[in-house]
Every structure is written in C-alpha cells, then in structure tokens.
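Subject: Handover of a structure

Dear colleague,

Please find below the structure that I am handing over to you.

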Amino acid sequence: MAFFVLVTEMISNTLLYRLWVGIGWFGVLLLIYLSLTPQPPEIPIEQGDKFGHAFAYAMLTYCCAQVLPAAPQRLRLAGALLTLGIAIEYVQGWTGWRTFDYYDMLADAIGIALGWLIASPRTPDLLLLLGARARRSP
C-alpha cells in the first residue's frame, strides 16, 4: 500500500485522470477484441461465457464510473456500453466463426447493472483512494 501512496503522490491529478481514462479505453478495445476473435478464452464452467460477459461489462462500468461522478453521465455510460454489447452480438453473427446470442446481451446488461451498483458512492472511490482530488480532467 505504501508503494501506491508514493507513486500517486508523484502523479498529478490530471495525469492520474488521463491514465484512468486510458485504462478504460484499453478495456473497451480488449472487450471488442475478445468478443470478435475466432478463439476466445474459455471459462471452464457451464455457461462460462455468460459469466465472462457479465464480469467484463461490470468491470468496465465500475472503472469508467470512477471518472463519471454524476448520475446522468453514468446513465449515458450504461447506454453506450449496452449499445456496444448489442452491436458486438450482431457483428459476431456476421463473422461466421462466432454466434449471435440474446443471452449474451442479457449478461452484458446484468454486468452493467452490477458495475453501476458496486461503483461509488456505495463503495470507496478508487481515484480518491489513489490520491486524486479532482475527478475530472482540468
């Protein structure tokens, strides 16, 4: 923990904000890649891909909610992620190596709801814990 405190003391609020936003965009790109690759990683349980969908969208929502403090911003985030999930399902159906699945869309929506529920103020604000005082880019 002391390491994180030392590092965050050296990082400005603006840099931390931009780093966090960059991590969020990396997550979106990784989600798209894993959703469209011909051989995605398998979760070795029944309906494991549904757990993967819910987890991925929950983590993206949670991560992005850290920099979006207002409910209207988070609502737009949820809508954008749900739209992305639906669009990915249609693209999967067109690829020929992946399949279209309404239950994947449902798992995405459940993940988005879970990510919203576990985000601050119900849990600690990660950016504040890391030392950032400004939640938005100056």
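How many residues does helix 3 have, and how far does helix 3 reach from its first C-alpha to its last? Helix 3, which covers residues 48-65, has 18 residues and reaches 26 Å. That span is close to the 26 Å expected at 1.5 Å a residue. Please note that the model is a predicted one.

The buried residues of helix 3 include Gly 48, Lys 50, His 53, Ala 54, Tyr 57 and Ala 58. Also buried in helix 3 are Leu 60 and the run Thr 61, Tyr 62, Cys 63, Cys 64 and Ala 65.

The chain as a whole

The protein chain contains six helices and zero strands, and the order of its elements from the N terminus is α-α-α-α-α-α. Of the 138 residues in the protein chain, 35% are buried. Among contacts with a separation of 6 or more, 78% are between residues 24 or more positions apart. The protein chain exposes about 8,700 Å², and 73% of this area is supplied by carbon and sulfur atoms.

The aromatic residues

Three aromatic pairs are present in the structure. One of them joins Tyr 90 and Trp 94, with 6.4 Å from centre to centre and 45° between the planes, and this pair is tilted. Both residues belong to helix 4 (residues 71-95), where Tyr 90 and Trp 94 are four residues apart, about one turn of the helix. An α-helix has 3.6 residues a turn, so residues three or four places apart point the same way.

Are Tyr 90 and Trp 94 buried, partly exposed or exposed? Tyr 90 counts as partly exposed because its relative accessibility is 38%, whereas Trp 94 counts as exposed because its value is 67%.

Another pair is formed by Phe 100 and Tyr 102. Their ring centres lie 4.8 Å apart and their planes stand at 90°, so this pair is edge-to-face. Phe 100 has a relative accessibility of 29% and therefore counts as partly exposed, while Tyr 102, with a relative accessible area of 58%, is exposed. Together, Tyr 90, Trp 94, Phe 100 and Tyr 102 form one aromatic cluster.

Yours sincerely,

A colleague

Notes. Residues numbered from 1 in each chain as written. Predicted model: local features only at pLDDT ≥ 70, side-chain atom pairs only at ≥ 80, totals over all residues. Heavy atoms only, no water. Helix = DSSP H or I, 4+ residues; strand = E, 2+ residues; numbered from the N terminus. Buried < 20%, exposed > 50% of the residue type's maximum accessible area, 1.4 Å probe, protein only. Contact = heavy atoms within 4.5 Å. Areas by Shrake-Rupley, 256 points an atom, 1.4 Å probe, with all protein chains shown as cover. Expected span 1.5 Å × (residues − 1). Phe/Tyr/Trp six-rings, centres within 6.5 Å; stacked < 30°, edge-to-face > 60°.
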